Amino acid sequence: MKTRITELFGVEYPIVLSAMMYVSVPKLVAAVSNAGGFGLLASANVSNSEEEVKKAIREVKEMTDKPFGVNIPMLLPERFKVAKVCQQEGIKVVNTSIGNPAELMGWAKEAKMTVIHTCGSLGHAMKLAKHGIDGVIVAGSEGGGHTGFVGTMVLIPDVADKVKVPIIAAGGIADARSFAAALCLGADGVAMGTRFAMTQESPVPENIKQRMLKATADDTFASDMATGFNARALVNNYVQRLMTYRKGASSWEKFLSAIKLSRKLGIKARDIAPLGRKALTRKAESTDFNMTMVPGFERIRRAYQDADADEGFLLCGQVAGRCDNIPTVKDVVLSVVSNVQAVVEGANAKIKP
Ligand SMILES: Cc1cc2nc3c(=O)[nH]c(=O)nc-3n(C[C@H](O)[C@H](O)[C@H](O)COP(=O)(O)O)c2cc1C
């Protein structure tokens, strides 16, 4: 297969493993790259130690000699340190996300790195193109983890019409049908998160894989209440509590709920005070839960490292509802590439007069 993405990354298929903290670890990254796709190593869960980032990159290199990249969320305080490690380790592609990559662009260009940014809106994609980004991962709102508000079906063609750089579609992609659809919408390749999280090589704990298997497309919920940024996760006890706190509450109720929630999450009273002031002046918005960002990320760790299916924050896309098996990574990639022609021919047959 040949698209602008296979050429940009030097890979066989335009299929990318989405960056997923705690999930896109060396074993899964290497499996996707070895299968002919492009693995993106998550750094959010190892970024507080340069040694750990280096170790993770070296682990991937031990398992594959194929190309792979590293994700750097721009909200990480250690983003420059992670970028430096990537440069030292000869990483050619970095995938920036959550935040503005502008401050990294000049440096990355000098280091001759390819920068691909993940974004969830047309406005953001257009701004990035102006900053000289090499490509964009455009993630529709049905995707797992931090996501935007416009679905893949509307977002991809909108971006493809207005942005010239190569586009990788993400959000809700799992098989040959969604791969073909993404190309028809104007993308040059796809990224899959949830589908690859539900594979044999994925480190997602078995009990959580089982939850994902049982989930229907209705079983996820997206909100900014857990981490301060809109994030899609499986509904469980934790998410259900967040939903109850939020629903139809007045500013005062939100404030009281925030206090209760913060106590549960272990946030100190002095950190709640600014929220209280806003609530009392009726300016409280859901983003006031930003103070929960750190505990929210801790809930993600609790899900994917401690296997806490009820109280962890189980980032997951709607497409879990369409995934009813735990195949190998190779099977996922091969089933996409070997069935896409038949899918396109099937569609073509329908539109012939
Ligand atoms: C468990 C999980 C963890 C994620 N962690 C990150 C991350 O560390 N950095 C990032 O940029 N995006 C992260 N995301 C978002 C994915 O990169 C991607 O946009 C999304 O999974 C695509 O949608 P899909 O799940 O429908 O395939 C995460 C998603 C999931 C499901």
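The model is predicted, with local features needing pLDDT of at least 70 and side-chain atom pairs counting only at pLDDT 80 or more, while totals for chains, interfaces and linings use all residues. Residues are numbered from 1 along each chain as its sequence is written, and side-chain values use heavy atoms, without hydrogens and water.

**View 1. Shell around the ligand.** The ligand has 19 residues around it, and A19, S97, G172, G193 and T194 come nearest. By class, the shell has nine nonpolar, 10 polar and no charged residues; Gly is counted as polar.

View 2. A polar contact is a pair of N or O atoms within 3.5 Å. A polar side-chain atom of S97 is 2.7 Å from a ligand oxygen atom. Backbone N or O atoms also lie by ligand oxygen atoms, at 2.8 Å for G193 and 3.2 Å for G144. The protein buries 96% of the 600 Å² that the ligand exposes when taken alone (Shrake-Rupley method, 1.4 Å probe).

**View 3. The largest cavity.** A cavity is a set of points on a 1 Å grid over the protein atoms alone where a 1.4 Å probe fits but cannot get out; lining residues have an atom within 4 Å of a point. Two cavities of 30 Å³ or more are present, and the largest has a volume of about 50 Å³, taken as the space filled by probe spheres set on the points. Residues lining the largest cavity include F221, M225, L242 and F313. Its lining has nine nonpolar, one polar and no charged residues.

How values were computed
A residue is near a molecule or strand if one of its heavy atoms lies within 4 Å of it. A polar contact is a pair of N or O atoms within 3.5 Å; within protein, one must be able to donate a hydrogen and the other to accept it, and residues adjacent in sequence count only if both atoms are side-chain atoms. On a 1 Å grid over the protein atoms alone, a cavity is a set of points where a 1.4 Å probe fits but cannot get out, and a pocket is an open set with protein on both sides within 12 Å along at least five of seven lines; lining residues have an atom within 4 Å of a point.
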